[in-house]
Amino acid sequence: MPDPKVMEQFKYQELDYDKEIKIGVIGAGYWGPNLIRNFVETPKSRVVAVADFSEDRLNRIHTIYPQIHCVRNYREFFTMGLDAIVIATPPATHYDIAKDVLNHDLHVFVEKPITLQSEHAAELVDLAASKDLILMVGHAFEFNVGVQKLKSMIDEGELGKIVDVEDEAENKTIEVWVE
Ligand SMILES: NC(=O)c1ccc[n+]([C@@H]2O[C@H](COP(=O)([O-])OP(=O)(O)OC[C@H]3O[C@@H](n4cnc5c(N)ncnc54)[C@H](O)[C@@H]3O)[C@@H](O)[C@H]2O)c1
């Protein structure tokens with residue numbers, strides 16, 4: 001059963017946890033392969049297909065996961081009977097691709113940032129809600145226990161008045177400056 005805090009966001013959805021989720025991943029550059037690996041390793045999720053413009057990147061995926069169907073045009077996904085699409089392409093492409101995918105009645109996991117313009121993000125949120133689809137953004141650190149602990153300490157006022165927070169993703173450190 002997923003984290004109740006995560007599911008709180010989706011409480012309006014009737015989800016069937018016994019069902020295998022068939023996934024297509026768009027973008028197999030730097031970050032996409034991490035998502036592919038995680039969805040391959042997650043029980044009840046099956047990565048059916050991966051799309052990328054780059055033949056080299058598709059070949060790399062095919063070598064590791066010969067069972068995954070590799071295509072250059074993600075629109076081929078729309079005839080594959082998939083449940084959800086993962087978007088790991090450059091941010092400037094997120095709005096058009098996510099809109100296209102939602103309009104084909106598929107759930108979306110899109111990497112951060114959701115879009116480059118807030119109006120576009122709001123439009124996608126409304127579109128997903130109007131179709132009762134999940135639209136989730138890959139804010140990985142929202143689910144990091146260290147970050148969650150820090151947030152609860154800040155919320156409880158344990159750290160006093162915060163004047164600055166510096167997050168170093170590479171060194172995996174967060175420095176908090178207080179008054
Ligand atoms: N959550 C995290 O910690 C984290 C870390 C790194 C990157 N990201 C995010 O992941 C996303 C991808 O970043 P990246 O560094 O992997 O970029 P990248 O440029 O390395 O890879 C993007 C891939 O998408 C492909 N692509 C672009 N448009 C496409 C389309 N229409 N159809 C099919 N393939 C297409 C490109 O050919 C490329 O292989 C970005 O949104 C980035 O912000 C998130």
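This is a predicted model: local features need pLDDT of at least 70, side-chain atom pairs count only at pLDDT 80 or more; totals for chains, interfaces and linings use all residues.
**View 1. The largest nonpolar core.** This core holds 29 residues. Val-25, Ile-26, Val-50, Ile-85, Val-86, Ile-87 and Val-108 have the most contacts inside it. Strands β1 (21-26), β2 (45-51), β4 (84-87), β5 (107-111) and β6 (135-138) each give two or more residues to the core, and so do helices α2 (32-41) and α4 (94-103). The most come from β2, which gives 4 residues. In soluble globular proteins, nonpolar side chains tend to be buried together.

**View 2. The surroundings of Val-50.** Which residues does Val-50 touch, not counting those up to four places away in sequence? They are Val-25, Ala-28, Ile-36, Leu-58, Ile-61, Ile-68 and Cys-70. Val-50 is also among the core residues with the most contacts.

**View 3. Strand β1 beside β2.** These two strands run parallel, joined by 6 bridges. Gly-24 has Ala-49 of β2 as its bridge partner. Between the strands, the chain passes through α2. Is this β-α-β crossover right-handed or left-handed? The crossover is right-handed.

**View 4. Strand β1 beside β4.** β1 also pairs with β4, again in the parallel sense, over 4 bridges. Here Ile-26 has Ile-87 of β4 as its bridge partner. Both Ile-26 and Ile-87 are listed among the residues with the most contacts inside the core.

Definitions and conventions
Residues are numbered from 1 along each chain as its sequence is written. A nonpolar core is a set of buried Ala, Val, Leu, Ile, Met, Phe, Trp, Tyr and Cys residues joined through C-beta atoms within 7 Å. A residue is buried if 20 or more other C-beta atoms lie within 10 Å of its own, exposed if 12 or fewer, and partly exposed in between; C-beta atoms are placed from the backbone. Two residues are in contact if their C-beta atoms, placed from the backbone, lie within 7 Å. Two strands pair if DSSP finds at least two bridges between them. A crossover is right-handed if, with the strands pointing away from the viewer, the path from the first strand over the helix to the second runs clockwise.
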